[in-house]
Amino acid sequence: MLVTTKPDFETLVDAYGGELFGYLWRLLGDETEAEDCLQDSYLRAYKAYPRTEPDNLRAWLYKIATNTARTRQQRNGRQQHTELNEEHASGEMRVETQVLQRLNAEAVKAAVGRLPRQQQAALLLRKYQGLAYGEVAAALGCSEQAARAHVYQALKKLRAQFSEEDDD
Amino acid sequence: MTKANTNPWLEHNASASTPLEHALDAAYAAGPSAATIERAQAAVRQTLATQAGPPMYYDLVQDTPLGPLWIAVGEQGLLTIEYESSEDSLRAYLHKLGGQPLRSSERVAAAAEQVRLYLLGDTQAVELAVDLSHLTPFQQRVLQETRRVPRGQVRTYMQIANSIGNPKAVRAVGQALRHNPIPIVVPCHRVVASDGTLGGYGGKMRDARKLSLLKLEGVSFA
């Protein structure tokens with residue numbers, strides 16, 4: 001008789017908590033937010049675990065973390081929107097510094113933050129979390145082909161954005 | 001679209017070659033500090049500990065005359081004994097009771113030893129605390145009454161129904177015993193039908209087991 005056994009849920013904190021925190025830290029760009037979101041994600045996962053049979057526990061946890069992060073981002077959306085508008089309003093004055101700062105870490109972070117959510121997540125998952133495209137697809141709830149396309153589009157947009165500044 | 005697949009930088013830990021890739025790596029490659037990660041994980045463990053419910057320890061007891069048995073114990077006593085069950089279904093059951101299933105041969109050892117001795121023919125009664133609190137009051141009464149039936153004797157479903165003061169509930173008594181979560185220790189095998197047959201047994205204990213347990217206790221069948 002073949003019996004597959006799911007690991008104790010607690011072991012998933014040791015096994016994946018570190019990298020998931022890294023992911024949320026990159027995705028949300030804020031340590032405290034990432035910490036709260038990690039707790040929310042594990043709570044959600046804990047409740048779902050008894051009735052879940054995931055093929056890939058790692059991808060399953062990334063999916064929950066991604067969705068939890070989205071919910072938080074939407075909740076904070078109004079606030080962020082206001083901040084963005086303020087940034088926009090003072091944008092003209094900033095052009096000069098933007099050119100000087102272009103392609104440093106902060107400028108790229110801001111640009112990644114403005115990418116569509118799926119593209120942003122796909123890029124981070126593939127490149128900095130080391131997920132295979134199949135896992136990226138499982139985490140984002142899309143096809144593998146779509147996962148590849150998201151990463152490709154993300155890089156294309158970033159490249160276009162920063163090369164435009166080159167042309168200035 | 002295939003370009004995305006052929007960019008070596010997209011492999012984990014591959015080094016950057018373009019200015020954009022360098023900038024992305026500068027922003028994201030390092031990630032949070034080890035101390036921050038440890039703090040975040042500790043906070044998760046703490047949160048989970050408050051959510052997880054009371055620990056319920058279980059283990060597989062091998063080499064009993066009835067084959068391998070799953071045994072689970074909580075803080076209040078024995079929770080379940082299962083034959084031919086999988087670890088997953090046992091864990092699902094313990095989750096349903098609101099507990100946190102933890103596999104531990106150490107915590108289960110005392111109960112396991114008693115059950116094993118009993119099954120090897122040791123005549124001392126199995127005196128183990130049982131936790132029936134997750135059952136209905138009726139089920140609890142039936143099982144408590146069944147615990148009083150001494151080794152080597154049998155009662156009928158009717159007798160149990162009578163002794164709990166509910167003589168019309170014969171079928172319900174049968175149902176409660178059929179769903180006895182702690183066979184052997186709550187000796188549902190000692191309750192038989194009025195016509196002397198073993199009774200409509202299924203659930204966690206099949207007729208053959210019931211018969212072998214009764215034989216072990218010295219009950220003879222004409």
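The legends below describe close-up views of a predicted model. Local features are given only where pLDDT is at least 70 and side-chain atom pairs only at pLDDT 80 or more, while totals for chains, interfaces and linings use all residues. Residues are numbered from 1 along each chain as its sequence is written, and chains are lettered from A in the order in which they are written.

**View 1. Chain B as a whole.** Chain B has 9 helices and 6 strands; helices (H or I, at least four residues) and strands (E, at least two) are DSSP runs, numbered from the N terminus. Of its 222 residues, 33% count as buried. A residue is buried if 20 or more other C-beta atoms lie within 10 Å of its own, exposed if 12 or fewer, and partly exposed in between, with C-beta atoms placed from the backbone. Among contacts in chain B between residues at least 6 apart in sequence, 60% join residues at least 24 apart; two residues are in contact if their C-beta atoms, placed from the backbone, lie within 7 Å.

View 2. H3(B) covers residues 34–51. Its 18 residues should span 26 Å at 1.5 Å a residue, and the end C-alpha atoms are 26 Å apart, which agrees; the expected span is 1.5 Å times one less than the number of residues. Buried in H3(B) are Ile37(B), Ala40(B), Gln41(B) and Val44(B). Seen down the helix axis, these buried residues fall within an arc of 95°, so they line one face of H3(B); the arc is that of the directions from the helix axis to the C-beta atoms. The face turned away from the buried side carries exposed residues, among them Ala35(B), Gln46(B) and Thr50(B). Just after H3(B), Gly53(B) takes a positive phi of about 80°.

**View 3. The side of chain B that touches chain A.** The contact takes 32 residues from chain B and 37 residues from chain A. Helices H1 (3–6), H2 (19–28), H3 and H4 (87–96) of chain B each give two or more residues to this side. H3(B) gives the most, with 10 residues. The side of chain B divides into 19 nonpolar, 9 polar and 4 charged residues. Ala, Val, Leu, Ile, Met, Phe, Trp, Tyr, Cys and Pro count as nonpolar, Asp, Glu, Lys and Arg as charged, and the others, Gly among them, as polar.

**View 4. Helix H2 of chain A against H3(B).** H1 and helix H2 (31–48) of chain A are included in what covers the buried residues of H3(B). H2(A) and H3(B) pack at an angle of about 35°, with their axes 9 Å apart. Axes are lines fitted to C-alpha atoms, for helices over the stretch in contact, and angles run from 0 to 180 degrees between N-to-C directions. The residues that meet include Leu38(A), Tyr42(A) and Tyr46(A) in H2(A) and Ala40(B), Val44(B) and Leu48(B) in H3(B). By class, this contact has 8 nonpolar, 4 polar and 2 charged residues.

**View 5. Helices H1 and H3 of chain A.** The axes of H1(A) (residues 9–28) and H3(A) (residues 57–75) come within 10 Å and cross at roughly 40°. Among the residues making the contact are Leu12(A) and Tyr16(A) of H1(A), and Arg58(A) and Ala65(A) of H3(A). The contact residues divide into 12 nonpolar, no polar and 1 charged.

**View 6. Glu135 of chain A.** Glu135(A) lies in helix H8 (residues 133–140) of chain A. Glu135(A) is buried, with 21 other C-beta atoms within 10 Å. Not counting residues up to four places away in sequence, Glu135(A) touches Asn56(A), Arg58(A) and Ala59(A).
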